[in-house]
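Work through the exercises below with the sequence and the structure at hand. Each task is followed by a solution in steps.

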Amino acid sequence: SNTITSLSESPVQEGLLYAGTDDGYIAVSSDGGGAWDRIPVTRLGLPARSFVNDIKADLHDANTVYVVLDNHKEGDFNPYLFKSADRGKSWTKLSSNLPERTLLWRIVQDHVDPDLFFLATEFGVYTSLDGGANWQKLPGTPNMGFRDLVIQKRENDLVAASFGRGFYVLDDYSALRDMSPEALKAEGTLFAPRTAKWYVPRSNLGNTGADYYIAKNPDFGAVFTYHLSGDFATAKQQRKKAEKEASKEGANIPFPGYEALDAENSEQPAQVWITIKDAQGNVIRHLHEKAAKGTHRMAWDLRHASTRAIDPESPSRGGWFSRGPLAIPGTYTATLALEKDGKVTPLGEAVSFEVKPVREGVLGGMDYESYTAYRNELETVQRQLEVLQDRFEQSETALKGFKKALPRTPSSPAGLAADVTELEKAIRAVQIKTEGSPARNEIGERNPPSIQTHFSTAYRGMTTTYGPTALHRRSLDIAKAMLAEIEPEVNRISDQMIPALAQKFKSAGAPYIKGED
């Protein structure tokens with residue numbers, strides 16, 4: 001007459017079943033359900049009307065079973081979780097340090113680590129790293145009722161369904177398997193990430209609106225979990241915390257002094273660094289973020305650092321052209337380090353991980369060695385191009401200075417004016433070659449492709465998993481040829497014309513022009 005509320009089959013022993021009922025019984029069958037041994041929940045010290053919310057056979061030991069119970073019918077909302085290591089003959093309570101008045105709904109066990117558990121409760125999801133002896137609430141878990149849990153074994157993801165709210169995914173919880181007391185007490189520990197899927201992410205969502213459900217995707221690339229045991233609060237943070245506590249107690253808050261405040265403003269927060277290297281030991285990327293106590297995550301987007309020129313006065317630019325090229329599939333290592341007060345200290349051991357394509361393309365694409373060679377060639381051309389652009393922009397700035405200085409020079413402008421005009425003509429000639437004819441632009445006629453146009457096309461060869469095509473190579477060769485043609489003209493302007501004209505202005509008594517040597 002009773003109703004089974006939960007059923008679990010042992011993966012270790014065929015035919016071994018555990019069941020829970022709605023009328024206060026736990027049942028065990030060793031023959032696939034032919035015969036059952038009924039165990040009243042009163043044997044666990046609970047009222048007969050207690051409800052069995054969940055029962056789970058241990059994934060590693062046939063004799064062990066876990067049961068989640070609910071006694072809310074008696075007005076009792078406390079957590080009840082028990083374990084039996086002898087198929088229900090005796091029971092041990094596992095919910096000793098769970099908060100009071102917290103109903104429990106589901107329990108799942110990790111398929112790799114027999115001591116790692118997750119528990120769905122009325123107020124979030126909890127985890128235990130020691131077989132249920134101690135429980136901790138998962139950080140970031142919403143304070144709501146979670147009614148079901150399941151583990152996606154291939155990806156090591158924990159999926160949690162909440163009451164009337166939808167579901168949540170904890171991506172790759174595998175680091176929890178290695179969070180031993182020693183690892184958590186260490187100054188810093190980096191845990192190995194799961195294999196990173198190599199592809200180019202994109203969105204096919206199109207226009208957003210009421211017809212689409214949108215949620216945050218997992219971080220793309222290799223996602224690193226690390227733990228820091230120290231406290232990295234700055235002097236300012238420590239002072240404000242102390243002042244807050246003093247304010248609560250009504251105590252006097254002293255003025256720290258201007259020197260102390262200036263020192264606080266000069267203090268740089270500690271930074272944590274993750275350095276990624278390829279199988280040959282070459283540094284591929286540095287990742288960093290502000291250091292903070294506890295467990296954190298940082299993602300590598302499977303790209304090299306951007307090789308674009310750095311402008312100290314301009315903010316970082318976004319867009320595909322500002323990203324570094326894709327790293328190739330293979331084996332990589334990552335190390336953790338802490339930067340504090342300018343000193344960088346390695347933390348823990350290096351971890352190894354794989355980057356693998358999600359699928360084999362129909363077209364074979366370029367082999368990884370050729371891809372790397374093309375990337376190196378592209379970076380060389382990019383550097384030459386940006387150095388030349390920088391020198392040319394400095395020449396344009398110098399021209400502006402000469403034109404402003406001309407009417408303020410005591411000597412006769414004769415000679416100086418002619419040299420300034422000659423410099424302006426030389427600069428304009430380079431501008432037309434590199435940027436196109438302004439006259440064409442005025443009437444809307446298209447200019448021939450510029451060096452930057454060809455280089456941008458060549459760079460697109462690093463944005464796909466296929467690799468550069470013949471078109472990308474041809475564009476790079478054209479950009480190199482155009483660069484070789486224009487470089488002597490820029491160097492003549494920068495190395496000869498501008499220094500000579502600057503000396504003439506100086507000799508003529510002109511005011512100091514900023515940027516002069």
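**Exercise 1.** Find which residues tyrosine 368 is in contact with, leaving aside its neighbours within four places in sequence.

Solution. Contact means heavy atoms within 4.5 Å. By that rule, tyrosine 368 is in contact with Ile328, Pro329 and Pro357, its neighbours within four places in sequence being left aside. Tyrosine 368 belongs to helix H4; helices (H or I, at least four residues) and strands (E, at least two) are DSSP runs, numbered from the N terminus. Tyrosine 368 and glycine 330 are 38 residues apart in sequence, and their C-alpha atoms lie 9.6 Å apart in space. With a relative accessible area of 34%, tyrosine 368 is partly exposed; buried means under 20%, exposed over 50%, and partly exposed in between (1.4 Å probe, protein chains only).

This is a predicted model, in which local features need pLDDT of at least 70 and side-chain atom pairs count only at pLDDT 80 or more, while totals for chains, interfaces and linings use all residues. Residues are numbered from 1 along each chain as its sequence is written, and side-chain values use heavy atoms, with hydrogens and water left out.

**Exercise 2.** Describe how helix H4 and helix H7 pack.

Solution. Two packed helices are described by the angle between their axes and the distance between the axes. Axes are lines fitted to C-alpha atoms, for helices over the stretch in contact, and angles run from 0 to 180 degrees between N-to-C directions.

- Step 1: H4 (residues 368-405) and H7 (residues 451-459) pack at about 155°, and their axes are 11 Å apart.
- Step 2: That makes H4 roughly antiparallel to H7 (under 35 degrees counts as roughly parallel, over 145 as roughly antiparallel, 65 to 115 as roughly perpendicular, the rest as oblique).
- Step 3: On the H4 side the contact includes Tyr374, Leu378 and Val381, and on the H7 side Ile451, Phe455 and Tyr459 are among the residues.
- Step 4: The contact of H4 with H7 has 8 nonpolar, 3 polar and no charged residues (Ala, Val, Leu, Ile, Met, Phe, Trp, Tyr, Cys and Pro count as nonpolar, Asp, Glu, Lys and Arg as charged, the others, Gly among them, as polar).

**Exercise 3.** Describe the packing of H7 and helix H8 in the same terms.

Solution.

- Step 1: The axes of H7 and H8 (residues 470-507) cross at roughly 150° and come within 8 Å.
- Step 2: H7 is therefore roughly antiparallel to H8.
- Step 3: Ile451, Phe455 and Ala458 are among the H7 residues that make the contact, and H8 contributes residues including Leu476, Met482 and Ile486.
- Step 4: By class, this contact of H7 with H8 holds 9 nonpolar, 4 polar and no charged residues.

**Exercise 4.** Classify the aromatic pair of tryptophan 300 and tyrosine 332.

Solution. Rings of Phe, Tyr and Trp (its six-membered ring) pair if their centres lie within 6.5 Å; planes under 30 degrees apart count as stacked, over 60 as edge-to-face and the rest as tilted.

- Step 1: The structure holds 11 aromatic pairs.
- Step 2: In the pair of tryptophan 300 and tyrosine 332, the centres are 5.4 Å apart and the planes make 65°, an edge-to-face pair.
- Step 3: Tryptophan 300 lies in strand E21 (residues 294-300) and tyrosine 332 in strand E22 (residues 330-340), so the pair ties together parts 32 residues apart in sequence.
- Step 4: Tryptophan 300 is buried at 0% relative accessibility, and tyrosine 332 is buried at 3%.
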